[in-house]
Amino acid sequence: MKNIQILVTLKAQVETADFMMDDLATCIDVEDVDLDELISEKDEDVLALLEQFKKIDCTLNMLTEDLRSSLCNEGFDCESYSTWVSELCYDLMRLTGLIETFEEAHKILELYISETIRGYRILTQDGYGTQE
């Protein structure tokens with residue numbers, strides 16, 4: 001699979017995770033419940049969010065090393081993301097301290113993906129007046 005295809009998949013996965021985090025925040029506000037409570041009750045939305053983070057981590061690991069390094073140069077560290085996901089798998093209560101970290105990381109990741117896809121489209125478009 002090409003890096004660009006992986007980035008398109010990753011973009012959709014990150015958007016889904018962001019939507020899930022927004023939905024979770026709305027649930028916390030509307031139902032006046034703490035994230036800790038939802039985690040201890042093993043709320044299905046919290047567990048689904050963890051699974052989405054795992055999918056993103058897996059997809060990040062499919063990228064070539066040069067693209068992963070480029071991501072790191074832009075402020076998104078794939079290794080740190082993997083560490084956060086591993087911490088959640090070990091202790092889901094860590095989500096209370098990491099949720100904002102994931103939100104910020106996703107902003108950086110989404111910007112990088114958008115710019116990279118945009119650049120790819122520009123480079124692969126047909127030129128004006130080309131003759132074959």
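The exercises below treat charged side chains in a predicted model.

Residues are numbered from 1 along each chain as its sequence is written. Local features need pLDDT of at least 70, side-chain atom pairs count only at pLDDT 80 or more, totals for chains, interfaces and linings use all residues, and side-chain values use heavy atoms, with hydrogens and water left out.

**Exercise 1. State how many salt bridges the model has, and describe the one between Lys-11 and Glu-15.**

Solution.
1. A salt bridge requires a side-chain nitrogen of Lys or Arg within 4 Å of a carboxyl oxygen of Asp or Glu. The count by this rule is five.
2. For Lys-11 and Glu-15, the closest N and O atoms are 2.8 Å apart.
3. Both residues belong to helix α1 (residues 3-31); they are four residues apart, so about one helical turn separates them. Helices here are DSSP runs (H or I, at least four residues), and strands are runs of E of at least two, numbered from the N terminus.
4. Lys-11 is partly exposed because its relative accessibility is 28%, and Glu-15 is partly exposed at 37%. The classes are buried (under 20% relative accessible area), exposed (over 50%) and partly exposed in between, with a 1.4 Å probe and protein chains only.

**Exercise 2. Describe the salt bridge between Glu-51 and Lys-54.**

Solution.
1. The closest N and O atoms of Glu-51 and Lys-54 are 3.1 Å apart.
2. Both lie in helix α3, three residues apart, or about one turn of the helix.
3. Glu-51 has a relative accessible area of 40% and is partly exposed; Lys-54, at 32%, is also partly exposed.

**Exercise 3. Which helices does the pair Arg-68 and Glu-79 tie together?**

Solution.
1. Arg-68 forms a salt bridge with Glu-79, with closest N and O atoms 2.6 Å apart.
2. Arg-68 lies in helix α4 (residues 65-73) and Glu-79 in helix α5 (residues 78-90), so the pair ties together parts 11 residues apart in sequence.
3. Arg-68 is buried, at 9% relative accessibility, whereas Glu-79 is partly exposed, at 49%.

**Exercise 4. Which residues gather in the patch of negative charge, and where is Glu-41 found?**

Solution.
1. Patch members have over 30% relative accessible area and no salt bridge; like charges are joined within 9 Å, and nonpolar side chains (Val, Leu, Ile, Met, Phe, Trp, Tyr) within 5 Å.
2. The surface patch of negative charge gathers Asp-29, Asp-32, Asp-34, Asp-36, Glu-37 and Glu-41.
3. Glu-41 sits in the loop between α2 (35-40) and α3 (44-60).
4. Glu-41 is exposed, with a relative accessible area of 56%.

How values were computed:
Accessible areas come from the Shrake-Rupley method with a 1.4 Å probe; for residues, only the protein chains shown count as cover. Lys and Arg count as positive and Asp and Glu as negative; His and the chain ends are not counted. The place of a charge is taken as NZ of Lys, CZ of Arg, CG of Asp or CD of Glu.
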